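Hi there,

Here is the model I promised to pass on to you.

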Amino acid sequence: MTTDTTGTAARDGESRRSGPADSPFVRACRRESVPHTPVWFMRQAGRSLPEYREIRANVGMLDSCRRPDLVAEITLQPVRRHGVDAAILFSDIVVPVAAAGVDLDIVAGTGPVVAEPVRTVADVERVRRIDRADVSYVDEAVRLLVAELGDTPLIGFAGAPFTLASYLVEGGPSRTHARTKAMMYGQPDLWHALCARLAEVTLAFLRVQVDAGVSAVQLFDSWAGALSEADYRRFVLPHSTAVLSGLADAGVPRIHFGVGTAELLGAMGEAGADVVGVDWRTPLDVATRRIGPDRAVQGNLDPTVLFAPWPVIEAEVRRIVEQGRAAPGHVFNLGHGVLPETDPEVLTRVVALVHEVSARRDEQG
């Protein structure tokens, strides 16, 4: 096989995909050969960019997510600035829940706050199913972005049922997830009913994005690391599987990511993802052994390393790229989101460095 520096390839004269489907990012997700390790950053379209802070001035988070023109501009900002290999749709994990009728707000400095937390079957039934009309602004934003991005793939995303359920049960962010676990253990039928409904909402939300043209999707289970593997398998895995398996025919790679999930990586892979995101706590070669050979990995630079002197950053980037070679496919990313105080110039340098140290020479194979 011959691979050129644009990421296109020819195999025995057969025609190849072109555009985002043949990008280094999508190829890495599919465990195919790439000209270099692709890189993007979680929360790359956000608080570290001065142009983002300017455009978001005096506009609430939920309102920002419902304005297609604003969503498109914010999504494009890091692509222009950093030269990343993929864009991720600017949105928030509670957008589909709000569209499903839940009274909530995203409070600056706090996060999502739910007016009436879920406590009963009646509360679950108030979370209605959604369709494209409920999130038409997302459909429009994706279509605008696909037209603008050209060969650069766009990643759609949603929150996983467990993380969304935790917000709804707790009424907002929680360090202990005490009410969440109390419902899991004490009212398992209610818990599974809530998560099943949220899986339906999440799947519908991702389907809208796929139908509008995203090249991949990521399911964020931000709080899954609060669980043991046994609890994850019992209370979470069936619902994440419902979402990811529901996209098996969508024709786009599926990424699954959580924080503090070292002991859950194998189970998270079983949920049906093509790529498993790994936070900074687990080396990628170790993570690959836990996940298995049939899935690519994504990660996993500690976001706080970006505040260190450049030689330290460079050494860590090189280590992660090298450890990522143990996986059948590797997408370079942070182990969590970009912190607001991060210097954007450092992110740009990291992208260039990843491309440089992972570049493959043209080779016959």
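In which strand is Asn333 found? Asn333 sits in strand β11, which covers residues 330-334. Before I go on, a word on the source: this is a predicted model, where local features need pLDDT of at least 70, side-chain atom pairs count only at pLDDT 80 or more, and totals for chains, interfaces and linings use all residues. Residues are numbered from 1 along each chain as its sequence is written, and side-chain values use heavy atoms, with hydrogens and water left out. Helices (H or I, at least four residues) and strands (E, at least two) are DSSP runs, numbered from the N terminus.

Back to Asn333: its relative accessibility is 0%, so Asn333 counts as buried (under 20% relative accessible area; exposed is over 50% and partly exposed in between, with a 1.4 Å probe and protein chains only). A polar atom of the Asn333 side chain lies 3.0 Å from the backbone nitrogen of Met42. Neighbours within four places in sequence aside, Asn333 is in contact (heavy atoms within 4.5 Å) with Trp40, Phe41, Met42, Gln298, Gly299, Asn300 and Leu301.

Next, a helix pair. Helix α8 (residues 161-170) packs with helix α10 (residues 188-212) at an angle of about 120°, and their axes are 9 Å apart. The axes are lines fitted to C-alpha atoms over the stretch in contact, and angles run from 0 to 180 degrees between N-to-C directions. That makes α8 oblique to α10 (under 35 degrees is roughly parallel, over 145 roughly antiparallel, 65 to 115 roughly perpendicular, and the rest oblique). On the α8 side, the contact is made by Pro161, Phe162, Leu164, Ala165, Leu168 and Val169; α10 brings Trp191, Leu194, Cys195, Leu198, Ala199 and Thr202.

Ser222 lies in the loop between β7 (216-221) and α11 (229-235), and with 18% relative accessibility Ser222 is buried. Ser222 and Val259 are 37 residues apart in sequence, yet 5.5 Å apart in space, C-alpha to C-alpha. Leaving out neighbours within four places in sequence, Ser222 is in contact with Thr163, Phe257 and Val259.

Thr241, in helix α12 (residues 237-245), is partly exposed, with a relative accessible area of 25%. With neighbours within four places in sequence set aside, Thr241 is in contact with Gly246, Glu270 and Ala271. Thr241 and Ser228 are 13 residues apart along the chain, and 18 Å separates their C-alpha atoms.

Methods. A polar contact is a pair of N or O atoms within 3.5 Å; within protein, one must be able to donate a hydrogen and the other to accept it, and residues adjacent in sequence count only if both atoms are side-chain atoms.
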